[in-house]
Amino acid sequence: MGTRDRENRAVSALTCLAAVIGIATLLFVYQGYHRSLNEQAELRQWLTGTEESLGVQEEQIAALNGEIGSYADVAEKNRQERELFYAKAKELETKVLNGESDVKIAYLTFDDGPYWDTTHIFLDILDEYDIKATFFYLLKEDHDDIYQRVIDSGHTLANHSASHNLYGNAIYASVDTFIGEVEENRQFIQDKFGYTTNILRFPGGSPQARDLKWPIVERLREIGYGYVDWDTTTGDGKNSGTVEEYIHGVLDVSADYDVMVVLMHDYSVNTYKALPTIINGLKEQGFIFLPLFYESDKILK
Ligand SMILES: [Zn+2]
């Protein structure tokens, strides 16, 4: 083999190698390009999917906002109807107090709830007699359906502080402590149920606040609140006493009143048993039953 032949072979080997490298590079680049095309397509698809799902979410959010809007409308409508009802109740109460009416008014009130095991049976009795009452309630989580039923039934939901903590009179430690509890419970009811309470009963009654009573009443006035104690009671506050005693607790003194606030508790089984007799007895004495409202004479401001 001559020198030229060796050179030719070397050149063609080199050419071959270059071609192989060239093709390999091309394949590599093409694969990379192809992969990147796939990735881009996938990315585009993902983005489109995300946009679509974002679109769906936006629609859902808009629908929910619409629903929330309509809840607010219903709450506002209910509030207006309640105001109309209270205006009529105020007219009637004024007539009764002026001796211009044959009927008397009893405001039945139930304190310390809601109670998941007993409140419903009280609400059932009130429904049965078609009577509207007032519930002075605390801040209790996980009792939403009871608060809601009280509101939806047309009863007055009122404020009895958040905790009712009378141990060592803790709730009356200071004016700020007490007002803080009133505000906390008001906010809870407002946020959860869109319902504004502006009536308070002091835990234990207003004398329980001792020296702080009048400073508290002053602050209540500033935040648009009135308060009420009671005229008669079944005496169920200690949850002892017989059904007969509870009936007499109300019916024996009710004749002294034209407009009367009755204190009871919707945890008391004996009050539950006494309630039909109390209602019928008061009816016989000429009483009708109304829920309390801010403008009532009974609400002190
Ligand atoms: Zn109480």
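Modeller: Two strands pair if DSSP finds at least two bridges between them. The model discussed here is predicted.

Biologist: In which sense do strand 1 and strand 2 pair?

Modeller: Pairing needs at least two bridges. Strand 1 and strand 2 have three. The sense of the pairing is parallel.

Biologist: Which residue in strand 7 is the bridge partner of Phe110?

Modeller: Strand 1 also runs parallel to strand 7 (residues 259-265), with seven bridges joining them. In that strand, the partner of Phe110 is Met264.

Biologist: How many of the residues of strand 1 are buried?

Modeller: Buried means under 20% relative accessible area. In a regular strand the side chains alternate between the two faces of the sheet. On one side of strand 1, Lys104, Ala106, Leu108 and Phe110 are buried, and on the other Ile105, Tyr107, Thr109 and Asp111 are too. Strand 1 is therefore largely enclosed by the rest of the structure, the count of buried residues being eight of eight.

Biologist: How many residues has the largest nonpolar core?

Modeller: Nonpolar side chains tend to be buried together in soluble globular proteins. Among the residues with the most contacts inside this core are Tyr107, Leu108 and Phe110. A second, separate core includes Val175 and Tyr225 and has 14 residues. The largest core has 49 residues.

How values were computed. Residues are numbered from 1 along each chain as its sequence is written. This is a predicted model: local features need pLDDT of at least 70, side-chain atom pairs count only at pLDDT 80 or more; totals for chains, interfaces and linings use all residues. Side-chain values use heavy atoms; hydrogens and water are left out. A nonpolar core is a set of buried Ala, Val, Leu, Ile, Met, Phe, Trp, Tyr and Cys residues joined through side-chain atoms within 4.5 Å. Buried means under 20% relative accessible area, exposed over 50%, partly exposed in between (1.4 Å probe, protein chains only). Helices (H or I, at least four residues) and strands (E, at least two) are DSSP runs, numbered from the N terminus.
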